Amino acid sequence: MRAPLTRKGPDRFRVRMSSQERDTVTSFVAQLRLLLTSEDPSSDPALARLFPAGVPDDVMANLEYEQRHGHDLLLGKLEALDTVDASIGKDELTEDEVLAWLGSLNAIRLVVGTRLEITEDSTERDFADDERQAGLFEMYRYLTWLEGGIIEALS
């Protein structure tokens, strides 16, 4: 498959995605935004994966960490999603936009992987019996490919 992004200059990247791929990313971004704004990491394991404990071995220190930094971490993720939304139709991106894409796609991939309980040994066959899970696994594979293409373009 062709690379989704290619480096065009020191701070410029060419986007090579179909309108269907862009629509798919837009849908992923909207779903993550809804999750981030309507759920809480304490009640959703997928969201907790995006906001791991700052001090995992100390409940009180972790609570303090969450109170001090949780809102800023959330705002950072939402700002990255805003950047993806604002740049999804562009044929050329800056490095800052590409980094926002990478962070957002990685967050979406983590959520999908958590929902599926993906392990290093997971294969397509593990999800073949359930149509919904098979579809989620295909999304996970696509996000993995897309993220890999972005990392390759950045390196």
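Which residue forms a salt bridge with R12, and how far apart are the closest N and O atoms? The partner is E92, with the closest N and O atoms 2.7 Å apart. The views below show a predicted model, in which local features need pLDDT of at least 70, side-chain atom pairs count only at pLDDT 80 or more, and totals for chains, interfaces and linings use all residues. Residues are numbered from 1 along each chain as its sequence is written, and side-chain values use heavy atoms, with hydrogens and water left out.

**View 1. Strands β1, β2 and β3.**
Strand β1 covers residues 5–9, β2 covers residues 12–15 and β3 covers residues 92–94. Strands (E, at least two residues) and helices (H or I, at least four) are DSSP runs, numbered from the N terminus. Strands count as paired if DSSP finds at least two bridges between them. β1 and β2 pair in the antiparallel sense over 4 bridges. They form a hairpin with 2 residues between them. Within this pairing, G9 has R12 as its bridge partner in β2. β2 also runs antiparallel to β3, joined by 3 bridges. Here R12 is bridged to T94 in β3.

**View 2. The two faces of β2.**
Side chains alternate along this strand. F13 and V15 point to one face and are buried. Buried means under 20% relative accessible area, exposed means over 50%, and partly exposed lies in between (1.4 Å probe, protein chains only).

**View 3. The R12–E92 salt bridge.**
A salt bridge places a side-chain nitrogen of Lys or Arg within 4 Å of a carboxyl oxygen of Asp or Glu. The structure holds 9 of them. R12 and E92 form one, at 2.7 Å between the closest N and O atoms. The pair links distant parts of the chain: R12 sits in strand β2 and E92 in strand β3, 80 residues apart. R12 is partly exposed at 31% relative accessibility. E92 is also partly exposed, with a relative accessible area of 26%.

**View 4. Helix α1 against helix α4.**
Helix α1 spans residues 19–38 and helix α4 spans residues 95–116. Their axes come within 10 Å and cross at roughly 70°. Because of this angle, α1 is roughly perpendicular to α4. Axes are lines fitted to C-alpha atoms, for helices over the stretch in contact, with angles from 0 to 180 degrees between N-to-C directions. Angles under 35 degrees count as roughly parallel, over 145 as roughly antiparallel, 65 to 115 as roughly perpendicular and the rest as oblique. From α1, V25, F28, V29, L32 and L35 meet S104, L105, A107, I108, V111 and R115 of α4. Contact means heavy atoms within 4.5 Å. The contact residues divide into 9 nonpolar, 1 polar and 1 charged. Ala, Val, Leu, Ile, Met, Phe, Trp, Tyr, Cys and Pro count as nonpolar, Asp, Glu, Lys and Arg as charged, and the others, Gly among them, as polar.

**View 5. The D82–R33 salt bridge.**
D82 pairs with R33, the closest N and O atoms being 3.0 Å apart. D82 lies in helix α3 (residues 59–87) and R33 in helix α1, 49 residues apart. D82 is partly exposed at 42% relative accessible area. R33 is partly exposed at 22%.

**View 6. The E124–R141 salt bridge.**
These two side chains meet at 2.9 Å, N to O. E124 lies in the loop between α4 and α5 (131–154) and R141 in helix α5, so the pair ties together parts that are 17 residues apart in sequence. E124 is partly exposed at 46% relative accessibility. R141 is partly exposed, with a relative accessible area of 39%.
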